[in-house]
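Here is a short briefing for a first look at this protein. Keep the structure open beside the text and follow the topics in turn.

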Amino acid sequence: MSSFFENKTGLKQGDPLSPILFNLALQKVIQSIKMDPSGIKIGKERLNILAYADDIALIGKNEIEIKLFVEMENIARKFGLWINQEKTKNMIVERKNNLKKNKIEHLKVKNYKFERVENFKYLGVIINEDNNNQIDL
């Protein structure tokens with residue numbers, strides 16, 4: 001048996017309070033992003049984030065808006081949360097056929113470099129840059 005050690009950061013794995021404490025911390029970050037006036041308009045509502053547990057998708061009309069969201073990482077860091085560059089991807093979704101013109105392979109924000117992808121799976125659904133769900137069917 002090992003000796004006792006003090007845990008100063010993080011959450012104890014398996015503790016019933018861990019998911020609740022994680023959600024409370026993440027909720028503060030999500031609320032700060034929701035307060036930002038950027039994103040896309042659907043009806044009368046503005047949408048700039050989709051979040052389920054720790055799966056988060058940021059939505060912006062352009063590269064500048066997405067960069068602003070990443071800047072909000074400072075708020076997340078206060079709660080011990082950070083962006084995982086390996087799991088974070090960048091995708092441009094458009095109905096127009098000018099995607100082929102935009103050949104930027106990575107989105108650079110601060111010290112991060114996010115890989116551009118043509119599709120990704122979010123909560124079991126494949127989303128692609130053509131805004132076409134035929135791959136999922």
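Glu73, Arg77 and Lys110 are joined in a network of salt bridges. The model is a predicted one. In total, the structure holds five salt bridges.

**Overall build**

- The protein has three helices and nine strands.
- Starting at the N terminus, the order of elements is α-β-β-β-β-α-α-β-β-β-β-β.
- The protein counts 137 residues, and 25% of them are buried.
- Take the contacts with a separation of 6 or more: residues 24 or more positions apart account for 51% of these.

**Charged pairs**

- Side chains of opposite charge can pair when their charged atoms come close.
- Lysine 61 and glutamate 65 form a salt bridge, with 3.8 Å between the closest N and O atoms.
- Glutamate 65 is buried, because its relative accessible area is 9% and the limit for buried is under 20%.
- Lysine 61 is exposed, because its relative accessibility of 56% is over 50%.
- Arginine 116 and glutamate 129 meet through their side chains in a salt bridge, at 3.3 Å from N to O. This pair links distant parts of the chain, 13 residues apart: arginine 116 is in strand β7, while glutamate 129 is in the segment after β9 (125–128).
- Both arginine 116 and glutamate 129 are buried. For arginine 116, the relative accessibility is 13%.
- The contact between the side chains of arginine 116 and glutamate 129 is also a polar contact of 3.3 Å.

**Glutamate 115 and its surroundings**

- Glutamate 115 is found in strand β7, and arginine 116 has its place in that strand too, which covers residues 112–116.
- The side chains of glutamate 115 and lysine 89 form a salt bridge, at 3.1 Å from N to O. Lysine 89 lies in strand β5 (residues 89–90) and glutamate 115 in strand β7, so the pair ties together parts 26 residues apart in sequence.
- Both partners are partly exposed: lysine 89 has a relative accessible area of 39%, and glutamate 115 has 38%.
- A polar contact of 3.1 Å also joins the side chains of glutamate 115 and lysine 89.
- Leaving aside residues up to four places away in sequence, glutamate 115 touches Thr88, Lys89, Asn90, Glu105 and His106.
- Isoleucine 104 is 11 residues from glutamate 115 along the chain, and their C-alpha atoms are separated by 9.4 Å.

**Aromatic rings**

- A pair of aromatic rings is described by the distance of the centres and the angle of the planes.
- The count comes to one aromatic pair. Tyrosine 112 and phenylalanine 114 have ring centres 5.5 Å apart and planes at 15°, so the pair is stacked. Planes under 30 degrees apart count as stacked.
- Tyrosine 112 counts as buried, at 11% relative accessibility.
- Phenylalanine 114 counts as buried, at 3% relative accessibility.

**A nonpolar patch**

- Which residues form a nonpolar patch on the surface? They are Leu17, Ile20, Leu21 and Leu24. Together they have about 380 Å² of accessible area.
- Leucine 21 is found in helix α1, which covers residues 18–34.
- Leucine 21 counts as partly exposed, at 42% relative accessibility.

Note on methods: Residues are numbered from 1 along each chain as its sequence is written. This is a predicted model: local features need pLDDT of at least 70, side-chain atom pairs count only at pLDDT 80 or more; totals for chains, interfaces and linings use all residues. Side-chain values use heavy atoms; hydrogens and water are left out. Helices (H or I, at least four residues) and strands (E, at least two) are DSSP runs, numbered from the N terminus. Buried means under 20% relative accessible area, exposed over 50%, partly exposed in between (1.4 Å probe, protein chains only). Contact means heavy atoms within 4.5 Å. Rings of Phe, Tyr and Trp (its six-membered ring) pair if their centres lie within 6.5 Å; planes under 30 degrees apart count as stacked, over 60 as edge-to-face and the rest as tilted. Patches are made of residues with over 30% relative accessible area and no salt bridge: like charges are joined within 9 Å, nonpolar side chains (Val, Leu, Ile, Met, Phe, Trp, Tyr) within 5 Å. Accessible areas come from the Shrake-Rupley method with a 1.4 Å probe; for residues, only the protein chains shown count as cover. A salt bridge is a side-chain nitrogen of Lys or Arg within 4 Å of a carboxyl oxygen of Asp or Glu. A polar contact is a pair of N or O atoms within 3.5 Å; within protein, one must be able to donate a hydrogen and the other to accept it, and residues adjacent in sequence count only if both atoms are side-chain atoms.
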